[in-house]
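Here's a quick briefing for anyone opening this structure for the first time. Take a look at the sequence and the fold, then come back for a short tour.

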Amino acid sequence: MRRPSPTGRPTGGRPPRPRTEQAEQLGFEGMPERLFVCTPSKLGAYADCPRRYRYSYVDRPAPPKGPPWAHNSLGASVHTALKNWYALAPDRRRPEVLGTLLKGTWVREGYRDDEQERDAFRRALAWLESYVAGLDPADEPVGVERVVAVKTGVLAFNGRADRIDSRPGPDGRPELVIVDYKTGRTGLDSDDARGSQALALYAYAAERVFRRPCRRVELHHLPTGTVAAHEHTQESLQRQLTRAEETARDIMAAERAVADGTDPDEAFPATAGPRCGWCDYRRTCPTGSQTPGKDPWSAVERFADSE
């Protein structure tokens with residue numbers, strides 16, 4: 001015989017059945033939306049052409065790319081050589097080591113022939129020698145090829161800054177400076193530095209990572225030895241951040257539309273223009289394929305002719 005519990009219900013056996021009232025379902029109201037994980041190149045791809053963004057980041061498997069570009073090989077080689085120069089001990093940061101560093105990082109893809117490649121190597125070495133002649137080997141940047149990251153209500157941003165310097169600000173206190181190396185087109189000025197969303201996002205993220213002011217951004221154009229700079233304000237950095245968040249919302253809306261059955265070509269339209277000739281996916285894109293393609297070495301050849 002079961003002994004009654006203090007409540008008068010028998011102990012042991014099956015638990016009491018739940019009440020028949022329907023339990024209230026917990027909704028998703030108030031749950032945070034997923035953050036859009038991005039880099040400057042990811043945001044820039046959509047801003048330049050939503051179709052190119054789709055080919056790069058949405059379609060799987062991704063469409064085949066065209067051949068590698070010589071100007072990308074040249075730029076990557078120079079960037080890596082400078083990174084490795086700063087990795088040396090200060091007493092070894094001498095111009096005569098640059099030839100070895102550049103040879104060790106040289107990317108050979110995309111050039112028309114050996115002659116053009118050799119000419120590009122000589123030109124790149126001359127750029128590097130001229131550039132480091134204006135640097136103090138004892139100066140240690142805060143970061144070289146440094147990843148900075150930040151989260152907002154919309155973005156989970158991360159990017160790799162070429163260099164982050166520490167210099168005295170207007171009040172004498174140290175402030176951070178974002179430095180971006182350029183090896184491409186000439187004619188960069190302060191408007192290019194001011195309008196660069198990538199540089200602004202680097203500055204915004206670096207200020208929060210290092211907890212030090214970061215408002216100055218600089219484009220160092222190695223072929224001409226010029227520097228294009230801009231001093232941001234808190235308001236101008238916020239405007240660039242807001243613009244990046246708006247782009248992220250547009251991307252997420254387009255991705256949701258495709259998931260709901262919208263034609264991907266409609267959700268991610270092509271932006272026709274001169275960039276189509278340089279696009280990795282020109283042969284895949286119905287719009288881009290109507291534009292004559294550039295030879296992989298065209299930019300390097302054009303740059304050599306302008307000197």
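Predicted model: local features only at pLDDT ≥ 70, side-chain atom pairs only at ≥ 80, totals over all residues.

**How H4 and H5 pack**

- Packed helix pairs get described by two things, the angle between the axes and the distance between them.
- Let's start with helix H4, residues 98–105, and helix H5, residues 114–132: their axes come within 10 Å and cross at roughly 130°.
- As for handedness, the crossing of H4 and H5 is right-handed.
- On the H4 side, the contact is made by Leu 98, Gly 99, Leu 102 and Lys 103.
- H5 brings Phe 121, Ala 124, Leu 125, Leu 128, Glu 129 and Val 132 to that contact.
- Sorted by class, the H4 and H5 contact has seven nonpolar residues, one polar and two charged.

- Is Gln 116 buried or exposed? It counts as buried, because its relative accessibility is 6% and the cut-off for buried is under 20%.
- Leaving aside residues up to four places away in sequence, Gln 116 touches Tyr 111, Trp 297, Val 300 and Glu 301.

**Thr 152, between two strands**

- Thr 152 sits in a loop, with strand S2 (143–151) on one side and strand S3 (155–168) on the other.
- With a relative accessible area of 16%, Thr 152 is buried.
- Which residues does Thr 152 touch, not counting residues up to four places away in sequence? They are Leu 35, Leu 241 and Glu 245.
- Glu 245 also shows up in a polar contact: its side chain and that of Thr 152 are joined at 2.7 Å.

- As background, most residues other than glycine have a negative phi, and most peptide bonds are trans.
- Glu 145 isn't a glycine, yet it has a positive phi of about 50°.
- You'll find Glu 145 in strand S2, and at 18% relative accessibility it counts as buried.
- Arg 211 isn't a glycine either, and its phi is positive at about 55°.
- Look for Arg 211 in the loop between helix H7 (197–210) and strand S5 (214–221).
- Arg 211 counts as exposed, because its relative accessibility is 75% and exposed means over 50%.
- There's a cis peptide bond to spot as well, running from Arg 60 to Pro 61, with omega near 0°.
- Pro 61 belongs to the loop between helix H2 (50–58) and helix H3 (70–87).

**Gln 290, out in a loop**

- Last stop: Gln 290, in the loop that runs between helix H9 (264–267) and helix H10 (298–306).
- At 68% relative accessibility, Gln 290 counts as exposed.
- The side chain of Gln 290 has a polar atom 3.4 Å from the backbone oxygen of Pro 286.
- How many residues apart along the chain are Gln 290 and Cys 276? They are 14 apart, and their C-alpha atoms are separated by 8.8 Å.

Technical notes:
Residues numbered from 1 in each chain as written. Heavy atoms only, no water. Helix = DSSP H or I, 4+ residues; strand = E, 2+ residues; numbered from the N terminus. Buried < 20%, exposed > 50% of the residue type's maximum accessible area, 1.4 Å probe, protein only. Polar contact = N/O pair within 3.5 Å; in protein donor to acceptor, adjacent residues only side chain to side chain. Contact = heavy atoms within 4.5 Å. Axes fitted to C-alpha atoms, helices over the stretch in contact; angles between N-to-C directions. Left-handed = near helix turned anticlockwise from the far one by under 90°. Nonpolar A, V, L, I, M, F, W, Y, C, P; charged D, E, K, R; others polar.
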